[in-house]
Amino acid sequence: MQKSSCTDADRRLLAALRDCGTDPRVAAAARALSRAGEHGALWLATGLTAAAADRGRRGAWLRGTALVAAAHLASMGVKRVVRRPRPQLPAAEPLVRTAGRHSFPSSHASSAAAAAVAYGALRPAGARLVPPLAAAMCVSRVVAGVHYPSDIAAGALLGGVTARAGAAWMREPLERGRR
């Protein structure tokens, strides 16, 4: 078995948050958020739905959605290089199944943070609604016992940086329309 490269603090925080999943309501919320975020589905669907509904910002929404997808794909690429095994807690089984064996960085966190940055820049409601939901999705992965906190932090950083790097490209159609 491959040795995990996480710290003692990472393990302690994972164990504490996973213990929260013993409450059936918390476990149900963690499962629902984990399923909704699988392969960035919630965030991709949100971006595509907003593109269909907000004609004036359609191009920006589609570009933002592309940034979310890019963050997710970048995370999957890093995961294949780093190959950190998922946590194994002797006292608690994971609450959800995972698509892969590797945990660093969290692809759920990458797509969630990218959505928070990208969609938050497009609408005031997005700036208020997406970040708390994205944060809840990130925490749900630790509560579910499938990621270390450092996986989440790295994924969120990767997603945020990806979306921020593409911010000017994302807003390009909006700025052209104002000229």
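These are some notes on the predicted model above, point by point.

1. Ground rules before the details. Since this is a predicted model, local features need pLDDT of at least 70 and side-chain atom pairs count only at pLDDT 80 or more, while totals for chains, interfaces and linings use all residues. Residues are numbered from 1 along each chain as its sequence is written, and side-chain values use heavy atoms, with hydrogens and water left out.

2. Confidence. The chain averages a pLDDT of 86, pLDDT being the predictor's confidence in each residue, from 0 to 100. A score of at least 70 is reached by 92% of the residues. Helices here are DSSP runs of H or I with at least four residues (strands: E, at least two), numbered from the N terminus.

3. Helix 4. This one covers residues 58–82, and its end C-alpha atoms are 36 Å apart. How far should its 25 residues span at 1.5 Å a residue? The expectation is also 36 Å, so the two agree; the expected span is 1.5 Å times one less than the number of residues. Buried residues in helix 4 include Trp-61, Arg-63, His-72 and Lys-79, where buried means under 20% relative accessible area, exposed over 50% and partly exposed in between (1.4 Å probe, protein chains only).

4. A nonpolar patch. Val-78, Val-81 and Val-82 make a nonpolar surface patch of about 240 Å². Patch members have over 30% relative accessible area and no salt bridge; nonpolar side chains (Val, Leu, Ile, Met, Phe, Trp, Tyr) are joined within 5 Å, like charges within 9 Å. The areas come from the Shrake-Rupley method with a 1.4 Å probe, and for residues only the protein chains shown count as cover. Val-81 is found in helix 4 and counts as exposed because its relative accessibility is 69%.

5. Most residues other than glycine have a negative phi, and most peptide bonds are trans. Which way does the phi of Arg-83 go, positive or negative? It is positive, near 60 degrees, and the residue comes just after helix 4, in the loop between helix 4 and helix 5. At 38% relative accessible area, Arg-83 is partly exposed. His-39 also has a positive phi, about 60 degrees, although it is not a glycine; it lies in the loop between helix 2 (24–36) and helix 3 and is partly exposed at 48%. Then there is the peptide bond from Phe-104 to Pro-105, which is cis, with omega near -5 degrees. Pro-105 is in the loop between helix 4 and helix 5 (107–120).

6. The aromatic pair. The count comes to one pair, the rule being that rings of Phe, Tyr and Trp (its six-membered ring) have centres within 6.5 Å, with planes under 30 degrees apart stacked, over 60 edge-to-face and the rest tilted. The rings of Trp-61 and Tyr-119 have centres 5.3 Å apart and planes at 50 degrees, so this pair is tilted. Because Trp-61 lies in helix 4 and Tyr-119 in helix 5, the pair ties together parts 58 residues apart in sequence. Both Trp-61 and Tyr-119 are buried.

7. Salt bridges. The whole structure has five, counting a side-chain nitrogen of Lys or Arg within 4 Å of a carboxyl oxygen of Asp or Glu. One of them joins Asp-8 to Arg-12, with the closest N and O atoms 2.4 Å apart. Both lie in helix 1 (residues 8–20), four residues apart, about one turn of the helix; Asp-8 is partly exposed at 47%, whereas Arg-12 is exposed at 53%. Asp-10 pairs with Arg-84 at 3.8 Å between the closest N and O atoms. With Asp-10 in helix 1 and Arg-84 in the loop between helix 4 and helix 5, that pair ties together parts 74 residues apart in sequence.

8. Val-143, in helix 6 (residues 124–143), is buried at 6% relative accessible area. Its C-alpha atom is 7.3 Å from that of Leu-14, 129 residues apart along the chain.
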